[in-house]
Amino acid sequence: MEKETFTISVYSENNVGLLNRISGIFLKRHVNVESLNVSKSEIDGVSKFTIVIIETYEAARKIVGQIEKQIEVIKAYFHTNDETIYQESALFKIKSSLLFDERQIQNIIKESNSQIVTVSRDFFVLSKTGRRSEVDEMHSQLEPFGIMQFVRSGRIAITKAEMPISTLLEEFNLNK
Amino acid sequence: METLKAVKTETKNKKTMRISGAEAIIHCLLAEGVDLLYGYPGGAIMPVYDELYKFQDKLTHILTRHEQGATHAAQGYARVTGKVGVAMATSGPGATNLVTGIADAQIDSTPMVCITGQVFRHLLGSDAFQETDIIGISTPVTKWNYQITKASEIPEIMAKAFFLARSGRPGPVLVDITKNAQLEEFDFSYEKCTGVRSYKPVPKPEISAIDEAAELINKAKKPFIVFGQGVILGEAEEELKALVEKAGIPAAWTILGLSAMDTDHPLNVGMVGMHGNYGPNILTNECDVLIAIGMRFDDRVTGRLDDYAKQAKVIHFEIDPAEINKNVMSDVAVLGNSKETLSLILPKINENKHEAWHNEFKEKYKIEFDQIIQPQLNPSKPGLTMGEVLKEINIASEHKAVIVSDVGQHQMFACRYAKFKQSKSNVTSGGLGTMGFALPAAIGAKMGAMEREVVTIIGDGGYQMTIQELGVIFQHNIPVKIVVLNNEHLGMVRQWQELFFDSRYASTVMTNPDFVKIAEGYHIKAKRVSERENLKEAVQEMMASKDPYFLEVRVEKEDNVFPMIPAGASVSEIRLK
């Protein structure tokens with residue numbers, strides 16, 4: 001079976017140690033995590049992990065089964081790229097002088113749809129949100145001019161299909 | 001408390017009293033029905049031990065000689081009683097010494113709560129004396145764990161710990177408690193936990209799955225049941241027996257399923273897996289419907305997966321959704337507690353006999369009996385076999401004893417040849433294969449079932465891994481019967497070296513001490529047998545003893561366990577020699 005990119009979404013209680021517990025599931029199976037993001041979700045007090053892996057469908061299914069088994073995990077899903085709307089964010093720190101010396105820089109900023117977050121005497125910071133390929137393209141365009149610092153976030157994703165966490169939580173409350 | 005989502009009931013009659021965290025821990029244990037725990041004191045858990053001293057009329061604490069022994073004793077207790085076993089240790093090395101037993105309980109789904117002391121809250125992360133990150137260390141091998149840093153958390157977390165350990169698919173839970181939380185006073189009240197948001201212990205059975213499974217079973221010409229510990233944990237022994245008898249289906253067991261069904265039942269066809277019986281293994285690849293009940297298709301059971309029951313429709317009765325389609329793809333998955341699901345399916349099952357199919361098992365048994373079982377149980381060659389020791393134990397125990405085995409060749413002989421009439425009678429380390437498990441586990445088993453005979457069968461290798469627990473047996477006069485089958489080798493590894501490594505016996509030959517003298521050093525009655533003519537009498541004398549008894553049997557040094565499915569081979573490729 002071919003490996004492909006899967007986005008795993010985990011809805012969980014917001015507990016110390018759960019990140020360790022979840023990451024251990026990947027470690028035990030020798031699976032590399034491409035990116036990881038933890039944030040609050042649409043439900044009060046419920047956290048959302050967004051984890052990207054490149055694996056076979058079967059491996060992804062079993063990993064998600066093990067994640068969902070953890071006591072404090074409410075529900076875990078996995079989706080292909082086609083089934084999600086996803087983005088990453090990146091920050092580029094660049095020498096301010098380049099803004100004036102290199103006309104091309106201004107074109108890159110315009111064409112990439114990125115924003116200038118801050119400008120100081122020494123440097124300015126560009127922020128770009130989009131697909132990995134767009135961020136990569138912008139990186140390769142800026143690289144010849146010198147990037148002082150670069151950072152890219154983990155993927156965040158919203159699924160096209162419904163994720164009925166609120167309904168599930170109600171069921172949990174009824175079942176007890 | 002953001003971290004705690006335990007659902008509360010019984011809020012009425014809530015009484016509070018101002019006590020220390022350490023005393024609160026004792027009250028929590030008592031509220032959970034604990035009257036026995038195993039452990040080892042040390043700096044960071046001393047306030048709790050001080051309270052144990054005050055409550056010793058209500059709560060018995062057994063000092064094991066090593067923390068690992070405490071976990072295995074708690075496991076042995078849990079396995080024979082079905083209740084939660086409790087082990088306690090101090091921080092640092094005390095806590096890390098629990099890890100093997102916790103991992104064992106996790107893979108064998110044994111309900112256990114471990115309580116560890118921890119350094120003061122303000123010292124966490126400072127590399128303080130005897131500080132270790134036991135939460136981090138134990139995370140992959142616990143069902144749940146939690147670090148308590150203030151006394152007020154104790155009641156809710158302890159209630160949750162016991163609930164999680166015993167509910168659904170059971171498992172070990174570790175609660176780490178900083179020393180300040182043990183010393184602080186707070187207003188204590190206790191409510192049992194009845195549910196945790198985000199945790200569904202038992203999935204609801206789907207009637208459509210039950211119907212599909214019933215239809216497959218009713219249409220089957222060669223149905224075959226393989227049951228595991230899920231039957232014992234779900235207390236579904238009667239339901240299993242009813243299904244087997246009504247549908248006339250031959251039933252085999254995994255090593256942890258042993259004793260869920262009378263070993264002499266005519267439809268009990270024996271053990272599956274690497275050293276299981278010939279018929280159940282071979283015929284796994286000839287059945288048309290494989291009915292797996294409360295088992296998880298471990299690799300020691302299935303052999304090579306791409307040649308495992310490929311011809312059969314697979315029905316999987318299972319409580320843990322993560323086990324479905326993990327190793328073997330099932331055609332019908334019946335989720336739920338085995339007692340409930342088997343009860344639901346039983347009325348939908350047609351009566352049947354499957355005589356021709358059952359005869360195939362009998363034929364295969366005949367082959368195995370002539371080539372393997374007979375020479376093991378009634379050997380004509382000199383040199384005692386492990387099998388004949390088991391035969392004598394069966395005779396003397398009348399199939400009523402709890403058998404606690406360690407890990408290795410003797411374990412395979414014990415599980416192949418021990419006879420059982422009663423469930424929860426076979427205690428062994430199945431999934432983790434922990435050498436050193438048996439002696440402490442036998443202590444827990446005996447204390448959990450004082451009215452029953454508990455015989456532990458151990459190899460000379462595993463015995464020496466936890467031999468210090470003889471001190472517990474001596475100190476408390478716990479009347480377990482200890483049988484060491486001494487072949488002066490690490491027998492199972494030696495067997496593999498013989499078969500797969502051209503007999504290069506790297507580090508498997510043991511020069512052993514005088515085991516009888518060691519037992520006598522602990523004031524335990526002890527005997528050694530090396531001749532066949534003395535075996536029966538020695539076993540009978542041991543079984544008749546009211547006190548602990550140690551019996552060393554000098555067995556054939558280079559005997560092998562057969563049948564055997566070599567690692568990576570198919571169940572069809574099972575070897576008789």
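Modeller: Strand E6 (residues 115-119) and strand E7 (residues 123-130) of chain A are joined by 4 bridges and run antiparallel. Between E6(A) and E7(A) lie 3 residues, and the two strands form a hairpin. If you want a pair to click on, take A:Ile116, whose bridge partner in E7(A) is A:Leu126. Please keep in mind that all of this is read from a predicted model.

From the hairpin, let's move to another set of strands in chain A. There you will find an open sheet of 4 strands, in the order E2-E3-E1-E4, with antiparallel pairing. Strand E2 (33-40) and strand E4 (73-80) of chain A are its edges, each pairing on one side only. From one strand to the next, the twist averages 15°. Helix H1 (residues 18-28) of chain A packs on this sheet and touches strand E1 (4-13), E2, E3 and E4 of chain A, with its direction at about 15° to that of E3(A). Helix H2 (residues 57-69) of chain A lies across E1, E3 and E4 of chain A, and runs at about 165° to E4(A). Within the sheet, E2(A) and strand E3 (residues 46-55) of chain A run antiparallel and are joined by 7 bridges. One handy pair to display there is A:Asn37 with its bridge partner in E3(A), A:Thr50. As a reminder while you look at the side chains, in a regular strand they alternate between the two faces of the sheet.

Next comes the partner chain. Here 26 residues of chain B are in contact with 22 residues of chain A. The two chains bury about 2100 Å² between them, 50% of it on carbon and sulfur atoms. On the chain B side, B:Thr139, B:Arg197 and B:Ser198 lose the most area to chain A, together 30% of what that side buries.

While you are in chain B, do stop at helix H14 (residues 338-345), whose buried residues are B:Ser338, B:Thr341, B:Leu342 and B:Ile345. They sit on the same side of H14(B) because they cover an arc of only 95° around the axis. Their cover includes helix H9 (207-219), helix H10 (229-233) and helix H11 (237-247) of chain B, along with strand E14 (289-293), strand E15 (313-318) and strand E16 (332-335) of that chain. At the start of H14(B), a side-chain oxygen of B:Asn337 comes to within 2.7 Å of the backbone nitrogen of B:Lys339.

Technical notes:
Residues are numbered from 1 along each chain as its sequence is written. Chains are lettered from A and ligands numbered from 1 in the order in which they are written. This is a predicted model: local features need pLDDT of at least 70, side-chain atom pairs count only at pLDDT 80 or more; totals for chains, interfaces and linings use all residues. Side-chain values use heavy atoms; hydrogens and water are left out. Two strands pair if DSSP finds at least two bridges between them. Axes are lines fitted to C-alpha atoms, for helices over the stretch in contact, and angles run from 0 to 180 degrees between N-to-C directions. Contact means heavy atoms within 4.5 Å. Buried means under 20% relative accessible area, exposed over 50%, partly exposed in between (1.4 Å probe, protein chains only). The arc is that of the directions from the helix axis to the C-beta atoms. A polar contact is a pair of N or O atoms within 3.5 Å; within protein, one must be able to donate a hydrogen and the other to accept it, and residues adjacent in sequence count only if both atoms are side-chain atoms. Buried area is the accessible area (1.4 Å probe) that two parts lose on being put together, summed over both.
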